[in-house]
Amino acid sequence: MTGMTGCGVPSGRLKLTILGSLSATIDGRSVAIGGPRQRTILAMLTLAWGQVVSVDSLVDAVWGERPPNTARTQVAICIGGLRKAFSAAGLDDTFILTVHPGYRLVTDLGRLDASDFTRLVKEASHHTKRGNLLEASKLYKEALDVWRGPALAGVVGQPIADEATRLEEQRLVAYEAWTKVELALGRHHELIPGLSAMVRDNPLHEQLRYSLMLAQYRAGRRVEAAEGYRLWRRAFVDELGLEPSPAIQQLHQAILRDDPTLALPGGGRPAELRVVPAELPSEMADFTGREAELAALDQLLDLSADGSPPMTTGFVTGVAGGGKTSLAVHWAHRVAKEFPDGQLYADFSDYDWKEESGTVHALLGRFLRALGTPAEQIPEDLADRMSLYRSVLADRRVLVVLDNVRVPAQVTQLLPGSGRCRVLVTSREQPSHPTVGPGTLRIDLGLLPARQAVELIGSIAGPDRIAADPAAVDELCRLCDGLPLALRIAAARLASKPHWSVRHLVHRLSDERHRLDELSTGGIEVRASFALSYHSLPEDAARMYRRLGLLDVPDFTAWVGGTLLDVGSAEAEDLMEQLVDAHLLTVVGSDATGRLRYRFHDLLRLYARERANSEEPETELNAARDRALRTWLTLAEEAHRREYGGDFAIIHGTTPRRPLEQRLTDELLATPLSWLESERLNIAALIVQACQLGRDELAWDLMMSSVVLFETRNHYEDWRLLSETCLQATRRAGNIRGEAAMCFELGSVDMFQRRFDQAMPLFATALRLFGDIGELHGRALTLRNMAIADRVRGDLVSSASRLAEARETFRAVGDSSSEAHALSQLAQIELDRERPDAAVRLSLQAVRIATGAGETRGMAQTLYRLAASYAQLGRFGAAEETYQRVLRTVRAKGDAPGEAHALLGIGELRIAAGRLAEAETAILESMPIAQRIGDRLLVARIGLGLGRCYQGLNRPDQAHEYLTAARDLFRELGSVTGERQAEAEIAALVIGWSVL
């Protein structure tokens, strides 16, 4: 039966019984079923088992040919009573559904004894045909033991009586089949008492009499067999007026003459049977995908193409719920014909994995019995059992499937000695035992690809659900993390809730706090699957797993785990590798710093957080998370410091730092921007998480410490969104300093994107807030940026005034980098005023300050201004050399905006020097960079440069196109200076045309 998907009770809690008196129990407690009418109606619904029973059929069963006028109403009342009874016992009243033209049961809810009986008989018959008589006998006995008395005893109604008769016939057929198997096994002595009782209860049944006579004869009770037949024949003829069948008459004659063919071969012992076990569990009808993995498993069948020895053992490993068992069982069924001597199967989750030797001992005994070895011939000693097991398999071709192995070393004790046999293992642990090596095929089963995940949903929930809302199905697959078990549960819920849309289920799964609760149905849940892996971990590894789940980061390196447990990174890496071996973590590769990066699958992260919150005190969890957050802040601050040459161009909050050991810090930050880039997504996630946790002071500080990455590597959207998030958090907390800092950052990102009209109000707010709290450094940084905006918009007087004030503060607080940058901006003003001598003087002063402070971040900007100043003076050689130095510096840092500016500067220099073809090459190289980073002002300046270049190359059409576009863009951006320059070039171009 499939799992329950909609009635709120896991499979197995409800049991319905009709092989005996009609009864229903939930968790062993009886459901109080009402009077005869309710019992008849429940029996009819149960016999239909999932099919709709019409109201007319129910009326006929209860009242026969004379129903009252109110019969249909009374049926509805009885249905209501049944629903109430099941509800009172703890079951949803949706157990009995109203479906036109009547009612039906939700059969996925639990178990029906008649279904168990049918299944067991079918399996027993299959084993009989395969010659596995021991297993067949056991299954037939289990099936017959399901019965507790006459079928549907105490339930009235002709349809019920007819069904009861049919069920009793099935019981009798199963008993006949069982007696034949028992006789073939030589168990005639044990068979006689029960068979005699059955013969008395069914006096006209010839096959039962036949089996009893044969059992009596083989047990040495020949006279009893012959006399019993004589008396039975007389009653048979008197009752029916017929003679018994020829078969039983011939058996009687054979008994009288003591025919040797009646005895078992071998002197009365059962014949030696070549038992062919067929123990594979049934496979899932909706198995989907995994074509590559199935093809890989086929390597276990044949010699390799180069003639090397074949693979004899296959290991399928992967995350809990990843479909390892489904894959193994599906492949095993597909190739069963390749193993004519049978298939053995064991699920290690049924055994105590901590009792390693006991598990192997028990499995060897079971396998030997399944292979036909009598129990009394199976030795007790483990080594002897292993030896016998390999001897029995020596001349056979058997497939051994070992499922859910928790200690891969156990596999070596269950390997057959025969090279013709094959072993397929599924495990959540990576095999590392030295004997599991050559000849071993390894498959690490990943999550289902998107296409196969959609196919799996459709195969269970129906293709119409997929077609109705493909986008919602894609989102459902994402929320289920591509995990086959989660996908199956989600699809089963949809199948059981036809009134639910896929989007409705997506909405329910979107809340991370309840996602694992939603992924549970019919006693099957993702959480339970994860628990098997989690509870097998050593305590330190389990603690690492739990605490890693506290962080909302996409991936992490070993030092992060070290901060959570307050241990060294080497010890942390060992613990995290244990989690990788258990498939609770995944390795995603190495980052730019050479460190391995690990990540959770989303559902495993949610489970880790659940375990942490339920198993550890909140104070310890908060302390662990705090250590991690403060360490990230410390490293980000240090990365900024190393990139700038000091703690320049920034203000900080009051959060206490938590440094790592110096050697590790130096290794991580060998290239500061590379480390920041590798941690960018983590930093973004942690800023949001810190804001949610009320850690606004840490959040804005981490945000500001990371800006050097956002502005250098062009991550403007991250810069904006995270600044807005921190601004909201600081405002909620009344954190004035943090609010001012985030207004400054939002203004800065607008300035970088040339949105000066949006930037200036934000700068004004930051300036006011910094002034209110006496934050001089923050105020100076804001003045510096406002000055830049003023200069671009043509207000050179205001720009120079603000820069002069900011410079004095930078000098007072010791921010050499910002002081150098302010001087560089003053140099640009002098260039705009066409006073290159003053520009050179200011630029050289800026370079001297930056060099003296060991500053690296702003050096390229100061050199750029110096090069431009040299160019305006006509010192083209010095200008070219300086521009090339700038270009080398920014390319080494991966500074795309800096590279575009440097290339443009080189191009403008070459125009001035008359090297127009070389100028075109440099400027064209800068254009795609500027377009990619979205710097529209720079795009306009490049267009202006290309217009000048093409004008000199006497290509007026191209020149006019670029100059016009540049003028329009300057105007849109509010760049008065740029617009005037473009207009002047267009006018010169027009004059040139008129002359021509």
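Is Phe117 buried or exposed, and what is its relative accessibility? Phe117 counts as buried, at 4% relative accessibility, where buried means under 20% relative accessible area, exposed over 50% and partly exposed in between, computed with a 1.4 Å probe on protein chains only. The model is a predicted one, in which local features need pLDDT of at least 70 and side-chain atom pairs count only at pLDDT 80 or more, while totals for chains, interfaces and linings use all residues. Residues are numbered from 1 along each chain as its sequence is written, and side-chain values use heavy atoms, with hydrogens and water left out.

The structure holds 17 aromatic pairs, counted when the ring centres of Phe, Tyr and Trp (its six-membered ring) lie within 6.5 Å, with planes under 30 degrees apart taken as stacked, over 60 as edge-to-face and the rest as tilted. One of them joins Phe117 and Trp147 edge-to-face, at 5.8 Å centre to centre and 85° between the planes. Because Phe117 lies in helix H4 (residues 113-129) and Trp147 in the loop between helix H5 (133-145) and helix H6 (158-184), this pair ties together parts that are 30 residues apart in sequence; helices here are DSSP runs of H or I with at least four residues, numbered from the N terminus. Trp147 is buried too, with a relative accessible area of 5%. Elsewhere, ring pairs link Phe530, Tyr534, Tyr545, Phe556, Phe600 and Tyr607 into a cluster.

Turning to the cysteines, a search of the whole structure finds zero disulfides, a disulfide being a pair of cysteine sulfur atoms within 2.5 Å. The sulfur of Cys691 has its closest cysteine sulfur in Cys726, 4.1 Å away, which is too far for a bond. Cys691 counts as buried at 7% relative accessibility, and Cys421 is buried with a relative accessible area of 3%.

Notes
Helix = DSSP H or I, 4+ residues; strand = E, 2+ residues; numbered from the N terminus.
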